[in-house]
Amino acid sequence: MNIAIIGAGALGTYFGARWMEAGANVTFVVREKRKKQIEENGLYVRSLCGDTTINDPKITADPSSVKNIDIIVLAVKGYHLESVLPTLEKMTGENTYILPILNGLAHYDLLIRCFGKDKVLGGLANIIATLNEKGHVEHTSKLHEIRFGALASSQQQICERLAELSNRSNMDAKHSKKIKTDLWYKYMFITAFSGITAAADVSIGKVRQHPATMEIVKGLLQEMHSIARAEDDVLEEKHLERAIETMMNLHDNATSSMHQDLRKGLAIELEHLHGYALGLAEIHEMDVPFLKTIYGIVKAKS
Ligand SMILES: NC(=O)C1=CN([C@@H]2O[C@H](COP(=O)(O)OP(=O)(O)OC[C@H]3O[C@@H](n4cnc5c(N)ncnc54)[C@H](OP(=O)(O)O)[C@@H]3O)[C@@H](O)[C@H]2O)C=CC1
Ligand SMILES: CC(C)(CO)C(=O)C(=O)O
C-alpha cells in the first residue's frame with residue numbers, strides 16, 4: 001500500500017514508522033526545515049512499545065512529486081489546516097483517500113467541501129507522543145491506538161486494505177464500523193480534558209482531588225454531549241458515563257497535548273476544538289457556560 005504522511009510530527013512519524021515496519025511504502029511530505037532536520041538526525045522512534053529507526057526514509061518537500069498514493073494521512077495541527085490544502089490538492093489523485101488523524105472535528109467540513117465526501121475517511125488517534133529537540137519521536141505510554149473507518153459506503157474497500165496492513169503492524173489499529181460515534185466521543189472527551197488541564201494548568205490527578213473542579217469537567221462533557229446529539233445524534237448516554245469513568249481512571253500525571261503545548265509556549269488548537277464547538281452551540285441556540293468560560297480562560301493564556 002502506498003501511504004503519504006503530511007506532517008512528520010509526533011503522530012505522523014510514529015504511525016508512518018509502524019506502517020513501514022508492516023511493509024507499506026510510506027512517503028513523508030514535509031516542509032524544508034523539517035526535511036533538513038530529518039536529513040541531519042534521521043527518523044527515530046523511542047517507544048515503550050518498541051523503538052524503531054526508519055532507514056532511508058522517503059521524504060520530500062515537493063508534494064507534486066508524490067504520485068499514486070492510496071491514502072494520504074493528514075497529521076498536522078488544526079491551525080495548519082488551511083495552509084496544507086494546496087499540498088493535499090497536488091497529491092490527491094482519482095484513487096486517493098484522505099485520512100485525517102487530527103483531534104477535533106472542524107477539519108471534516110473543510111476537507112469534504114474541498115475534496116468531496118467520498119474522499120475523506122474518518123480517523124483519530126489516541127497516543128501520547130512528542131518530538132524531542134532532535135526531531136525524534138518520544139512515545140511515553142503504552143497507548144498507541146489509531147481508529148479509522150468509512151464515512152461513505154464507497155470507502156469500505158480502502159478501509160479493509162488499510163486494516164489488513166495495520167493488523168500486521170505494531171500498533172493498536174481498529175477498523176471501526178461506527179467511526180462517526182468514535183469521532184464525536186473523542187471530540188467530547190478531548191475538549192473537556194484539554195480544556196480543564198490547560199485552564200487549570202494541572203494534570204488530571206489534581207483535577208480529581210477537588211469536587212468543584214471535577215464538576216467543571218462533567219459540565220464540559222455534558223455540554224459537548226448535548227452539542228454532539230444536536231448535531232449528529234450519534235452519542236448515547238453510555239458515552240457520557242464512559243468519558244467520566246475514563247477521566248476517573250487516567251493516571252494521576254496524565255495531561256493533554258494542549259496543556260503540554262501551552263506550557264512549552266507553543267500554539268494550541270483552541271479554535272479548532274473549543275472555538276468550533278462554541279460555533280455549533282450557537283447554531284443550535286444552546287447555552288454552554290462551561291465551554292464559554294474555559295474557552296475564555298485558555299484564550300487569555302494562549
Ligand atoms: N501528540 C499527541 O500525543 C497527540 C496528538 N493528537 C493530535 O494529532 C494532531 C497532530 O499532532 P502532533 O503530531 O502532536 O503535532 P506535531 O506538531 O508534532 O506535528 C505536526 C506536524 O505538521 C507539520 N506541518 C504543518 N504544516 C505542514 C505542511 N504544510 N506540510 C508539511 N508538514 C506540515 C509540522 O511541520 P513543521 O515542522 O514544518 O512545522 C509538524 O511537524 C493534532 O491535531 C493533535 O491534537 C492526537 C492525539 C495525541
Ligand atoms: C488524550 C490524548 C492524550 C489521547 O490521545 C490526546 O488526544 C491529547 O492529549 O491530545
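The shell around ligand 2 consists of four nonpolar, four polar and no charged residues. Here Ala, Val, Leu, Ile, Met, Phe, Trp, Tyr, Cys and Pro count as nonpolar, Asp, Glu, Lys and Arg as charged, and the others, Gly among them, as polar. The model is predicted: local features need pLDDT of at least 70, side-chain atom pairs count only at pLDDT 80 or more, and totals for chains, interfaces and linings use all residues. Residues are numbered from 1 along each chain as its sequence is written, while chains are lettered from A and ligands numbered from 1 in the order in which they are written.

**Confidence**

- The chain has an average pLDDT of 97, and 100% of the residues score at least 70; pLDDT is the predictor's confidence in each residue, from 0 to 100.
- For the complex, the predictor gives an ipTM of 0.98 and a pTM of 0.97.

**Ligand 2**

- Around ligand 2 stand Asn 103, Asn 126, Ile 127, Ile 128, Ile 190, Phe 193, Ser 256 and Ser 257; a residue is near a molecule if its C-beta atom, placed from the backbone, lies within 6 Å of it.
- β8 and α6 (179-200) each give at least two residues to this shell, and β8 has the largest share, three residues.
- Helices (H or I, at least four residues) and strands (E, at least two) are DSSP runs, numbered from the N terminus.
- At least three residues of the shell around ligand 2 come from each of domain 1 (2-177) and domain 2 (181-301).

**Ligand 1**

- The shell around ligand 1 has 31 residues, of which Gly 7, Gly 9, Leu 11, Leu 102 and Asn 103 come nearest.
- Two or more residues each come from α1 (10-21), α2 (32-41), α3 and β8 (122-131).
- β8 supplies the largest share of the shell around ligand 1, with six residues.
- By class, the shell around ligand 1 divides into 16 nonpolar, 10 polar and five charged residues.

**Domains**

- The chain is split into domain 1 (2-177) and domain 2 (181-301), with bounds from an automatic or database domain assignment.
- The contact between them involves 11 residues from domain 1 and 10 residues from domain 2; two residues are in contact if their C-beta atoms, placed from the backbone, lie within 7 Å.
- On the side of domain 1 that touches domain 2 there are four nonpolar, five polar and two charged residues.
- Taken over C-alpha atoms, the centres of domain 1 and domain 2 are 25 Å apart.

**Helix α4**

- Ala 106, His 107 and Leu 111 are buried in α4 (residues 106-115); buried means 20 or more other C-beta atoms within 10 Å of the residue's own, exposed 12 or fewer, and partly exposed in between, with C-beta atoms placed from the backbone.
- The buried residues of α4 fall within an arc of 110 degrees seen down the helix axis, so they line one face of the helix; the arc is that of the directions from the helix axis to the C-beta atoms.
- Asp 109 and Arg 113 are exposed on the other side of α4.
- The cover over the buried residues of α4 includes α3 (81-91), β7 (97-100) and α11 (270-283).

- Most residues other than glycine have a negative phi.
- Asp 201, not a glycine, has a positive phi of about 55 degrees; Asp 201 lies in the loop between α6 and α7 (204-209).
- Asp 201 is partly exposed, with 14 other C-beta atoms within 10 Å.
- Asp 233, also not a glycine, has a positive phi of about 50 degrees and is found in the loop between α8 (211-231) and α9 (237-249).
- Asp 233 counts as exposed, with 10 C-beta neighbours inside 10 Å.
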